[in-house]
Amino acid sequence: MSDTPLPQATLRADLIERLAQPHVYDLAIIGGGATGLGVALDAALRGLSVVLLESHDFAKGTSSRATKLVHGGVRYLAQGNISLVREALHERTTLLNNAPHLAQPLPFVMPSYHWWESPFYGIGLKMYDALAGKAGLGPTEFLGQARTRACLPTISEDHLWGGVKYWDGQFDDARLALVLARSAAQLGALLVNYCAVTGLHHTQGRIDGLSCVDQESGQSYDVRARCVVNAAGVWVDALRQMDGEAMGRTSKPMVAPSQGVHVVVDREFLPGDHALLVPKTADGRVLFAVPWLGKVILGTTDTPRDDLAREPEAFADEVAFILEESARYLKRAPRREDVRSVWVGLRPLVKPVEDDGNTKGISREHTVAVSKSGLVTVTGGKWTTYRAMAEDVLQKCEQAGLLSTLPASTTAQHRLVGAPEVGAPTVRLSQPPGAHLYGQEAALLASLPGADHWVGPNLSEAMVRFAARYEYARTIEDVLARRHRMLFLDARAAAAAAPAVALILEQELGLPQSVEDFLALAQRYATLP
Ligand SMILES: Cc1cc2nc3c(=O)[nH]c(=O)nc-3n(C[C@H](O)[C@H](O)[C@H](O)COP(=O)(O)OP(=O)(O)OC[C@H]3O[C@@H](n4cnc5c(N)ncnc54)[C@H](O)[C@@H]3O)c2cc1C
């Protein structure tokens, strides 16, 4: 065992007991995705009392369904959104420093098939380097044909001219969310998953609390707070509506959801440690092939949606687009039967004033809006910029007089739970999941029962116990989708592991588990439209 202190246990009975206690919090946060969790950590570090309520599991919404890039956004550079790119490049480095077990640099190669492509894209990427300045991860390089092939051994060689190599980052989004939750909890914040906010309380026209319902017991609780932050992702408008109705007003929707699909295939389709970026697909989008946790993620799409499904389904033409475009660049074309998992996320894009229904043109920047009653809504942005968004939210709360003068934010220097010592060797995120993802907590993991008992590919009994004891896991899905990423990596393998995971969770939590429910979900991830 290491001499690292034991992590905080996440016993549900204790969390609910704290929730039931009468207390006026400085800040109540609705939503446990990247945005809400980032605000919780920043506020807790500044000494505020914080409660965060998540209706499902932490990161069950958009925050577990990203392309896993910690990036400035080459695409946004092409759109001329310099300020967004500069901020994100800066945030990229901060995140890589504060959670090196979960976020790391990743080299990308853009192959070129015409003589002009390398200089054309290379100049843009040199600008990307310049914008990063000291936060740069490595210089952009022009590659000849041989080096392009060495970086991307399975790249299609027909008319291959060369390529451009540049640097960005990648991360494990859901595990990072959990580490944010745990880091905030260590500082005294109360975070409760499976607890939905069902009502907002107002006194004399000012919001001063909320009601929430424990999804396991059905019990409701009232929470009082000086300031309420709505960080419900694509679902923010439902809460804005609730707030508006209490004030006798209607509130205009802010979010225009846009769906992004990813499919996952085996590493043999893209071996090596470089990601592939196709800067312009046949219909003018970008396509990534990213090595991640022993597999390759292919994606993504950008399809406007009107509904806000919890488990959005991919459209057949989105999957066809990803497979067809990948086939143009990879020697061995991934076929439908090669897909191990398909998953979909909804981007919470902020609506422009004139909505033409085309989300590709909508801002990727975040928005913070304070309603007449004082409800602070934050949405939009990117995972990469969650920390800067949190600073902005707290500044707006202060400016609106909802919180008294705050000390400066210290999140930029705050290393997250499990972060290894600076300079300690890390295992690349392209490698299959393992104890390395636990950083400094790997020794504790190794000491738990079942450290050498494997219940699925790269999933030990001890990992399931760790998830139940220290990572707020309540269900098979929590373990197989977000503590371990098996559902996202290989849905059939996840289905096979479910019964064993259920038994361990029942032992740890005393909570009955439904294997059938998980199998139905895994079936969706395993089935292409
Ligand atoms: C396809 C795709 C690819 C992306 N790729 C990247 C990428 O590579 N890099 C990057 O930086 N960004 C990426 N993003 C963007 C990034 O994932 C999102 O910006 C970010 O995850 C949004 O986080 P959020 O917390 O605002 O929303 P969410 O993660 O959706 O969190 C909101 C939470 O609020 C909860 N909630 C809703 N209503 C209630 C209620 N009434 N009570 C309690 N809780 C409630 C929900 O359950 C949810 O968990 C991508 C997004 C998509 C869709």
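Q: Which residues of helix α8 (residues 236-246) are buried?
A: This is a predicted model, in which local features need pLDDT of at least 70 and side-chain atom pairs count only at pLDDT 80 or more, while totals for chains, interfaces and linings use all residues. Residues are numbered from 1 along each chain as its sequence is written, and side-chain values use heavy atoms, with hydrogens and water left out. A residue is buried under 20% relative accessible area, exposed over 50% and partly exposed in between (1.4 Å probe, protein chains only), and helices (H or I, at least four residues) and strands (E, at least two) are DSSP runs numbered from the N terminus. In α8, the buried residues are Val236, Asp237, Leu239, Arg240, Asp243 and Gly244.

Q: Against which strands do the buried residues of α8 pack?
A: Packing is judged by contact, that is, heavy atoms within 4.5 Å. The partners of the buried residues in α8 are β1 (24-30), β8 (195-203), β9 (206-214), β10 (220-230), β11 (255-266) and β18 (376-380).

Q: How many aromatic pairs does the structure hold?
A: Rings of Phe, Tyr and Trp (its six-membered ring) pair if their centres lie within 6.5 Å; planes under 30 degrees apart count as stacked, over 60 as edge-to-face and the rest as tilted. By this rule, the number of aromatic pairs in the structure is 13.

Q: What is the angle between the planes of Phe108 and Tyr166?
A: Phe108 lies in strand β4 (residues 103-112) and Tyr166 in strand β6 (residues 162-171), 58 residues apart. Both residues are buried. Their rings are stacked, with 5.2 Å from centre to centre and an angle between the planes of 25°.

Q: Why does the pair of Phe488 and Tyr525 tie together separate parts of the sequence, and how many residues apart are they?
A: The two rings are edge-to-face, at 5.7 Å centre to centre with 65° between the planes. Both Phe488 and Tyr525 are buried. Phe488 is in helix α14 (residues 486-489) and Tyr525 in helix α16 (residues 515-526), so the pair joins parts whose separation in residues is 37.

Q: Which residue lies over the face of Phe488?
A: A charge sits over a ring if NZ of Lys or CZ of Arg is within 6 Å of the ring centre and within 35 degrees of the ring normal. At 4.6 Å from the ring centre of Phe488 lies Arg485.

Q: How many of the 10 residues of β6 are buried?
A: Two strands pair if DSSP finds at least two bridges between them. β6 pairs in the antiparallel sense with β4 over 10 bridges and with strand β5 (residues 141-143) over 3 bridges. β6 is largely enclosed by the rest of the structure, because the number of its 10 residues that are buried is 9.

Q: How many residues does the largest nonpolar core have?
A: A nonpolar core is a set of buried Ala, Val, Leu, Ile, Met, Phe, Trp, Tyr and Cys residues joined through side-chain atoms within 4.5 Å. Leu27, Leu191 and Leu487 are among the residues with the most contacts inside the largest one. The number of residues in this core is 147.

Q: Is Tyr472 buried or exposed?
A: Tyr472 lies in the loop between α12 (461-470) and α13 (476-483). Its phi is positive, near 65°, although Tyr472 is not a glycine. With a relative accessible area of 4%, Tyr472 counts as buried.

Q: Is His159 buried or exposed?
A: Most residues other than glycine have a negative phi. His159, in the loop between α6 (145-151) and β6, has a positive phi of about 65°. Because its relative accessibility is 67%, His159 counts as exposed.

Q: Which residues does a cis peptide bond join?
A: Most peptide bonds are trans. In the loop between β14 (295-299) and β15 (303-304) lies Thr300. With omega at about 10°, the cis bond joins Gly299 and Thr300.
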